[in-house]
Amino acid sequence: MKISYPKNIKTFGKIAIFGAFLSVMTGCEKDLMLEPENNITQTSFYTTELQINQALTGVYSSMVNASSRGGFDVNFYLLASEVRSNNFTALTQNGNRDYYAINRFQDTSSTEEVEVLWEDAYQMITYANMILARIDAVPFADNATKEQYRSEARFLRAYAYFELMRNFGKVPLVDKPVTPDEAATIKRTDLPVLYDFVTSEIEASIAGLKNTYDAKNKGRITKSAAHAMLGRIYLTGSGFPLNNSSYVAKAKDHLSTVIQGEGQYVTFAPTYADLFKSANDNKYHLFEIQHISGGVSQGSYLPSYVSPTFGTADPLYNAQGSLYSANELGVSQSLINSYEPGDLRKAVTLKTQFIAQNGQPDFANYFIKFREAGAVLTNRYDWPVNFPIIRYEDVLLMYAEILNNEGNTTTAVSHLNRIRQRAGLAPLSASISSSDFTTALRKERRVEFAGEGVYWHDLVRWNIAVSVINQAAADLNYNYTITTNDYLYQIPLSQIQIAGYEQNP
């Protein structure tokens, strides 16, 4: 019997699967967000192929609106990553917002956003664990489909662990459904073990994934997405703090596989602006968070966190697109100065002058990358543009970084120049020195991925975040300095109280 799938993954949220069949534990008693408690979930669901597909939809959807703050794009990539870097400047302090504390390195184990990160990731892991624990017993019309679903769940679970590792370091490894009492006994797992688990899970998932999907299934994890994510994970593990040099060759192999698929499985967008239009969702990025407007609770929160309330005469005006917290979170002058004259990416990414509500010009610096002109919204959290978790340009630049470190700077330059030329910039000389290329590549990564939550993690894996952030703080007369201890967030206080974890330094 042929299964009828949802129109595409962007509409998966319309199936109220996790509203009707799953409940995530709430409250404060032994709550590690590791196992949903619901009789329907544990007995009568996960019994048919359709239900497994619906449950898998829920794993994807958990990235969209996992918490009241929004999805992974807001929590992991904006607040915890981008705002942590010197791309953002927290303009004023508001006791109801965490981004000032994060930007100024004043966050603690009691900061709400720290708790949100932990809960969002473990919610996703919980959902994936339930599928993987039940799928063997479920009859499928086609075994290849069963292996595809299994592979997607394994990938998504591993991806959630990777985000936890980047933000908290050691975390408890849970690879099956457990009770709250069992969860409270699981200790934090060392980073090498976590890396082995995450990479082996994604490596194993590749065989079951597809290279491409039809229109109704666009947005599912592809083989190229898995290879790209492995490239990122291995390259991250080769840097600080793990410094596992054996990972570099593995990263190179996976990134090379993605590049070899260009023109068949991956596409290099003709313009930078094309990357951030809802009409091009699931066309250029390798792995993206699915958003759809229209009041179905699958829209993006992100643009309303980072752009002001534009006046009606401004091209980016939208009646429902007001800033979540006005005049508190702006683009840093440091990032603005990083753009070379004529860089076409700047106007797509940020805006330094807009028309205010009083009709007068207002000079302020805000991100606009994911704010789509003319979008019709039902509320300010209903933006339609997908958020890229990893895109092809990242693959090209990571590969170029490896080539340069191996001494093959000439070939590395060719990959970087594709991105520069698309941005309207002159190519770098093929005779550039390796050290100058490193400087150029790091600058290129900053402006190419500005607002996407990449730069902070780059600074950490290169182990230059201490010098970069401290210099930025000194330039702005901020009264703080950081150490490598500040590369990780504190383990949430609630989790320490429940399970007795040791705290990060």
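Me: Which residues have the most contacts inside the largest nonpolar core?

Reply: First, the ground rules: this is a predicted model, where local features need pLDDT of at least 70, side-chain atom pairs count only at pLDDT 80 or more, and totals for chains, interfaces and linings use all residues. Residues are numbered from 1 along each chain as its sequence is written, and side-chain values use heavy atoms, with hydrogens and water left out. A nonpolar core is a set of buried Ala, Val, Leu, Ile, Met, Phe, Trp, Tyr and Cys residues joined through side-chain atoms within 4.5 Å; buried means under 20% relative accessible area, exposed over 50%, partly exposed in between (1.4 Å probe, protein chains only). The largest core has 131 residues, and those with the most contacts inside it are Met63, Leu156, Tyr159, Met229 and Phe287.

Me: Leaving aside neighbours within four places in sequence, which residues is leucine 156 in contact with?

Reply: Contact means heavy atoms within 4.5 Å. With neighbours within four places in sequence left aside, leucine 156 touches Leu56, Val59, Tyr60, Met63, Met124, Ile221 and Phe287.

Me: Is aspartate 394 buried or exposed, and which side chain does its own make a polar contact with?

Reply: Aspartate 394 lies in helix H15 (residues 392-405); helices (H or I, at least four residues) are DSSP runs, numbered from the N terminus. Its relative accessible area is 1%, so aspartate 394 is buried. A polar contact is a pair of N or O atoms within 3.5 Å; within protein, one must be able to donate a hydrogen and the other to accept it, and residues adjacent in sequence count only if both atoms are side-chain atoms. At 2.8 Å, the partner of the aspartate 394 side chain is that of arginine 445.

Me: Are H7 and H10 roughly parallel or roughly antiparallel?

Reply: Axes are lines fitted to C-alpha atoms, for helices over the stretch in contact, with angles from 0 to 180 degrees between N-to-C directions. The axes of H7 (residues 143-168) and H10 (residues 223-238) come within 12 Å and cross at roughly 25°. Angles under 35 degrees count as roughly parallel, over 145 as roughly antiparallel, 65 to 115 as roughly perpendicular and the rest as oblique. H7 and H10 are therefore roughly parallel.

Me: Which residues does a cis peptide bond join?

Reply: Most peptide bonds are trans. Here omega is about 5° at a cis bond, and its proline sits in the loop between H10 and helix H11 (247-260). The pair is phenylalanine 240 and proline 241.

Methods: Helix = DSSP H or I, 4+ residues; strand = E, 2+ residues; numbered from the N terminus.
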